Amino acid sequence: MFSAAEKAAFERDGYVVVRQLLDEQTLVPVRQVIARSVDRRVEQLHGQGLIGQRYEGESFERRWARVFAEYTRHPHAAPHLTVWGRHDILDRVIYDLYTDPRLTGIATALIGPAITANGDFWVRPKAPGDLSTTLAWHQDSFYYGGVVADHLQVLSVWMPLVDVDPRNGCLKLVPGSHRFGRIPARANQNNHQEPVEPIGSYGQIVDEPMGVGDVMFFHNHTLHASGENHSDQVRWSIDLRYSPAGQPFDWHKMGDEFNVHYPCFLAASPDPAQVENWEAWQARWQANLPKT
Ligand SMILES: O=C(O)CCC(=O)C(=O)O
């Protein structure tokens, strides 16, 4: 149930954290999809001789941290992927999460009545000390790079898969910064986009510690950043995005190509018969399999 106070908080702050929206029954299969992806990556790195062991007995939180620590010490380690998504993570479990009535209920209250699930969903393996996963202050629109207009909206939905706080790199935000609209940005030394003006000119920074089951919804103009993980475990999270159904893809620099590269589907509608099923979404991904 999304209260009027939570909706007002989203409008005031440009984000809202809904506490304990999801349960373990929903999140366990998500962790299993990620654990299978870890298995595949471990097999590959082991097969290439880049790690000496598979760390099989380790927990979900620690296994990738240990693999990552060994792998990055290897003299032939290539740059690794700091976000995992697209075909590699695609699974019916992701479809089920995108169409979960607890998420779509809030997303439709914010940008509905009908909503498209965007195909750019990301799992973030923020490993201890991995500075490539720290993200400078940004509005998501910096990275979309398309047309900016008030009616073009993309709602981000961010879910931790472990408890997060400033020690392991929870999100930091500037409440109310979405009201500045799209602000000027430039690339920093890591090629991340960041505001030209000091962050303090947009408001006060807050850390947002979250527990497993909490869900954050934020506007594409809300300034946020992601710090370093100082713990000894991976800060796992997954984020999804929704747009109002039928919205043109102008908000993204790829335009209509976005929907080819990141297939989208109708995730909720006042007419439930219109909602697209998993098979239809999966078929669109399969039509665009990477060439091997
Ligand atoms: O998960 C993170 O560390 C960063 C997430 C983020 O910046 C985003 O989803 O836009």
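The legends below describe close-up views of a predicted model.

**View 1. Packing of helix α2 against helix α3.** Helix α2 spans residues 24-47 and helix α3 spans residues 60-73.

**View 2. Residues in the contact of α2 with α3.** On the α2 side, the contact is made by Arg31, Ile34, Ala35, Val38, Asp39, Arg41, Val42 and Leu45. Helix α3 contributes Phe60, Arg63, Trp64, Val67 and Tyr71. By class, nine of the contact residues are nonpolar and four are charged, with no polar residues.

**View 3. Surroundings of the ligand.** The ligand is surrounded by 13 residues, and the closest are Asp140, Trp158, His224, Ser226 and Arg235. Ser226 places a polar side-chain atom 2.5 Å from an oxygen atom of the ligand. For Arg235, a polar side-chain atom is 2.9 Å from a ligand oxygen atom. An N or O atom in the side chain of Arg241 lies 3.0 Å from an oxygen atom of the ligand.

**View 4. The cis peptide bond between Gly112 and Pro113.** Omega of this bond is about 20°. Pro113 belongs to the loop that runs between α5 (101-111) and β3 (115-126). Most peptide bonds are trans.

**View 5. Backbone of Gln20.** Gln20 has a positive phi, near 50°, and is a residue other than glycine. Most residues other than glycine have a negative phi. Gln20 is located in the loop between β1 (15-18) and α2.

Definitions and conventions:
Residues are numbered from 1 along each chain as its sequence is written. This is a predicted model: local features need pLDDT of at least 70, side-chain atom pairs count only at pLDDT 80 or more; totals for chains, interfaces and linings use all residues. Side-chain values use heavy atoms; hydrogens and water are left out. Axes are lines fitted to C-alpha atoms, for helices over the stretch in contact, and angles run from 0 to 180 degrees between N-to-C directions. Helices (H or I, at least four residues) and strands (E, at least two) are DSSP runs, numbered from the N terminus. Contact means heavy atoms within 4.5 Å. Ala, Val, Leu, Ile, Met, Phe, Trp, Tyr, Cys and Pro count as nonpolar, Asp, Glu, Lys and Arg as charged, and the others, Gly among them, as polar. A residue is near a molecule or strand if one of its heavy atoms lies within 4 Å of it. A polar contact is a pair of N or O atoms within 3.5 Å; within protein, one must be able to donate a hydrogen and the other to accept it, and residues adjacent in sequence count only if both atoms are side-chain atoms.
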